[in-house]
Amino acid sequence: MTTINTPMGEPTAEGWFGSFGGRYAPESLMPACLELEAAFRDAWADPAFHAEFESVLHHFGGRPTPVTECLRLSNQLGIRLLLKREDLAHTGSHKINNVIGQALLTKRMGKTKMIAETGAGQHGVASATAAALLGLECTVYMGEVDTQRQALNVFRMELLGATVHPVTSGSRTLKDAVNEAMRTWVSEVHDTHYCLGSVMGPHPFPWMVREFQSILGREARGQVTDLLGDVPDFVVACVGGGSNAAGIFSGFADARSALIGVEAAGGAAISTGTPGVLHGMKSQILQDDDGQIIEAHSISAGLDYPGIGPEHAHLADIGRATYASAGDDEVLDALQMLSKMEGIIPALEPAHALAWIIRAAGKEIPLGSTVLLNMSGRGDKDVAQVREVLQAKGLYR
Amino acid sequence: MIRPRLETHLRAQVANGRKLLIPYLMAGQCPEWLQVVEGLAAAGADAIEIGLPFSDPIMDGPVIQAAAVSALHAGTTPMGALAELSALNLEIPLVAMTYYNVAYRAGHERFAGRLVEAGVSGAILPDLSLEELDGWSEVALAAGIDPVLLVAPATGVERTAAICQRSHGFVYAVGTMGVTGERTELATSVHEVVDKIRPLTDLPVCVGVGVSTPAHAATVTAFADGAIVGSALVRRLLDGGGVAGAVEFISQLRSAIDEGPA
């Protein structure tokens with residue numbers, strides 16, 4: 001195996017980022033993975049595909065999203081905090097970037113159906129949206145636990161014409177939704193594309209999804225440089241599988257900015273995981289001594305994942321990015337703080353990244369530093385759950 | 001524990017004109033699983049696939065998933081199950097089937113060593129693709145374990161040739177595009193996948209995934225060397241069929257195969 005060390009360059013031909021990645025898929029899926037890789041390489045080298053991708057994201061997706069400076073919170077924390085506003089993108093998160101790319105690719109491959117997994121529902125809603133736009137059939141696999149935590153997102157997907165398939169195996173969360181989507185893909189691969197939602201899975205998914213998300217990193221680089229006259233000292237993003245982080249990191253990987261990924265404390269694959277193979281990739285995985293996968297636990301369905309994208313494992317390995325974690329309580333505090341002080345209700349996922357910034361300001365983040373936070377999604381989907389949790393804690397009537 | 005090696009045994013059986021029957025069960029799926037293994041061997045199995053439970057089996061349908069959950073809940077571990085197998089007296093080879101993370105986490109050498117100690121001489125890791133085979137394949141062969149590779153209906157001819165070249169023991173022909181599980185009808189792709197493999201190898205070709213009934217087994221062994229029956233047996237055991245139920249089913253499969261298709 002050959003290795004690469006250019007931060008966030010192309011993986012090797014076999015899909016390796018250093019010692020992570022690869023293609024650990026059943027033979028029934030391997031021809032589809034190879035076909036997808038060829039189709040993506042062809043599309044990504046085609047200016048017409050880029051033009052269509054960018055045009056749809058502009059006219060339909062609401063790009064470019066702005067960068068907002070948080071004046072009051074910055075003042076309180078003693079840093080200069082900027083937000084890349086992916087919460088303002090269509091469907092309420094960065095997920096739209098990836099699904100538009102994959103839905104266009106699905107059509108280019110002559111396939112008529114998409115399947116997708118979803119945790120919090122954001123990728124499911126985005127997939128259903130892209131499918132509706134492009135006239136594709138869409139089925140979304142969602143853990144039964146998550147369909148209850150995110151019942152409104154189930155309705156949204158159905159309203160958009162998708163079929164939602166509750167998954168009752170295993171822990172009934174994101175990990176099991178991925179398993180079920182892969183199982184379905186095996187039998188429907190002839191006319192179906194698996195629209196994976198993060199920088200994970202067998203090659204070419206981790207690379208392809210990062211490439212589709214890199215649009216937000218490029219935008220942010222230009223916007224922040226205009227605003228600051230420099231790159232930020234810190235670029236911070238939450239990490240489940242790691243697609244929003246990969247998107248924003250890719251815009252700054254060649255710069256001096258420190259890159260910080262923040263995982264949920266109950267799903268911290270970098271700090272508490274070990275190398276393993278899950279969902280088609282070699283990466284850092286939460287597992288026991290026998291190699292059985294350990295279930296992640298987080299208040300955020302979108303970060304409830306026992307692995308992490310292989311490129312993040314590689315960036316941690318070579319020291320180009322650092323990975324921290326945040327717990328449920330500080331995340332709730334951060335969510336309320338941003339809402340009250342800046343008028344922005346964040347999704348629970350980016351509230352993890354914000355919680356770390358609040359904790360690290362004046363410590364790991366020296367006072368006076370410039371910090372760019374990728375506000376990967378808006379909190380609308382989470383408000384009912386947050387209210388319940390605050391009520392249960394006696395913090396809300 | 002000396003048992004015949006997988007490839008040697010299967011080639012000899014085929015050379016004698018025998019059609020192969022390879023049942024699958026999940027280690028630890030029921031308390032009497034070791035007695036079931038002995039029963040299957042006595043009732044005409046030519047080799048037995050032993051599933052080692054993994055938490056996230058992406059090639060398996062609901063029945064084998066349920067067996068894995070049952071085994072893991074009962075406290076079965078892959079290494080513990082292998083240790084239990086070493087005590088059995090069998091005159092047929094055993095093949096382990098699990099997912100690559102179990103082997104990777106244990107370490108290739110250690111995993112191969114445990115297989116050998118258990119008297120297992122073949123290994124099927126369905127999520128270890130041809131592209132990622134280096135490393136495990138060499139260690140397995142050096143230890144005396146035949147890595148069995150799979151060919152799917154979607155696999156192209158060139159790729160099939162490359163897989164056949166690196167498969168040992170037998171070539172596992174995946175009968176249908178889908179996960180493991182019982183089907184009412186045998187897929188039409190079964191014939192095509194065997195025809196694709198045949199000219200590319202002299203290894204025995206055995207069909208699994210979707211081979212569910214004695215009639216299916218008889219049909220596939222008319223053109224393939226063997227039939228692999230998993231979910232249909234695993235379901236009977238999950239339903240409480242026990243050793244007697246397993247032996248009865250395997251005897252039906254054996255007779256149907258020996259008599260040939262109706």
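The structure is a predicted model, in which local features need pLDDT of at least 70 and side-chain atom pairs count only at pLDDT 80 or more, while totals for chains, interfaces and linings use all residues. Residues are numbered from 1 along each chain as its sequence is written, and chains are lettered from A and ligands numbered from 1 in the order in which they are written.

**The two chains**

- Chain A contains 15 helices and 14 strands, and its radius of gyration (taken over C-alpha atoms) is 19 Å, close to the 21 Å that the globule rule (2.2 Å times the number of residues to the power 0.38) gives for 397 residues, so chain A is as compact as a globular protein of that length.
- Taken along the principal axes, the C-alpha atoms of chain A fill a box of roughly 55 × 50 × 45 Å.
- Of the 397 residues of chain A, 62% count as buried, where a buried residue has 20 or more other C-beta atoms within 10 Å of its own, an exposed one has 12 or fewer, a partly exposed one lies in between, and C-beta atoms are placed from the backbone.
- Chain B has twelve helices and nine strands, and its radius of gyration is 16 Å, close to the 18 Å from the globule rule for 262 residues, so chain B is as compact as a globular protein of that length.
- The C-alpha trace of chain B spans about 40 × 40 × 35 Å along its principal axes, and 60% of the 262 residues of chain B count as buried.
- Two residues are in contact if their C-beta atoms, placed from the backbone, lie within 7 Å; among the contacts in chain A with a separation of 6 or more, 73% are between residues 24 or more positions apart.

**Where chain B touches chain A**

- In the contact between the chains, 32 residues of chain B meet 27 residues of chain A.
- On the side of chain B that touches chain A, at least two residues come from each of helix 3 (62-73), helix 4 (78-85), helix 5 (100-106) and strand 6 (149-151) of chain B, and the largest share, six residues, is supplied by helix 5 of chain B.
- This side of chain B divides into 19 nonpolar, eight polar and five charged residues, with Ala, Val, Leu, Ile, Met, Phe, Trp, Tyr, Cys and Pro counted as nonpolar, Asp, Glu, Lys and Arg as charged, and the others, Gly among them, as polar.

**Domains and core**

- Chain A is divided into domain 1 (17-56 + 94-205) and domain 2 (64-93 + 214-392), with bounds that come from an automatic or database domain assignment.
- The centres of these two domains of chain A, taken over C-alpha atoms, are separated by 22 Å, and their contact takes 36 residues from domain 1 and 42 residues from domain 2.
- The side of domain 1 of chain A that touches domain 2 of chain A has 14 nonpolar, 17 polar and five charged residues.
- A nonpolar core is a set of buried Ala, Val, Leu, Ile, Met, Phe, Trp, Tyr and Cys residues joined through C-beta atoms within 7 Å; the largest one has 229 residues, and those with the most contacts inside it are A:Val236, A:Ile357, B:Ala173 and B:Cys206.
- This core draws at least three residues from each of domain 1 and domain 2 of chain A.
- Not counting residues up to four places away in sequence, A:Ile357 touches A:Leu81, A:Val236, A:Ile365, A:Val371 and A:Leu373.

**Backbone details in chain A**

- Most residues other than glycine have a negative phi, and most peptide bonds are trans.
- A:Met8, which is not a glycine, has a positive phi near 60°, and A:Met8 is buried, with 24 other C-beta atoms within 10 Å.
- Strand 11 (residues 274-278) and strand 12 (residues 281-285) of chain A pair in the antiparallel sense over five bridges, a pair being two strands between which DSSP finds at least two bridges.
- A:His279 lies in the loop between strand 11 and strand 12 of chain A, has a positive phi of about 55° although it is not a glycine, and counts as buried with 28 C-beta neighbours inside 10 Å.
- A cis peptide bond with omega of about 0° joins A:Arg63 and A:Pro64, and A:Pro64 has its place in the loop between helix 2 (47-59) and strand 3 (67-70) of chain A.
- Another cis peptide bond, with omega of about 15°, joins A:His203 and A:Pro204.

Methods. Helices (H or I, at least four residues) and strands (E, at least two) are DSSP runs, numbered from the N terminus.
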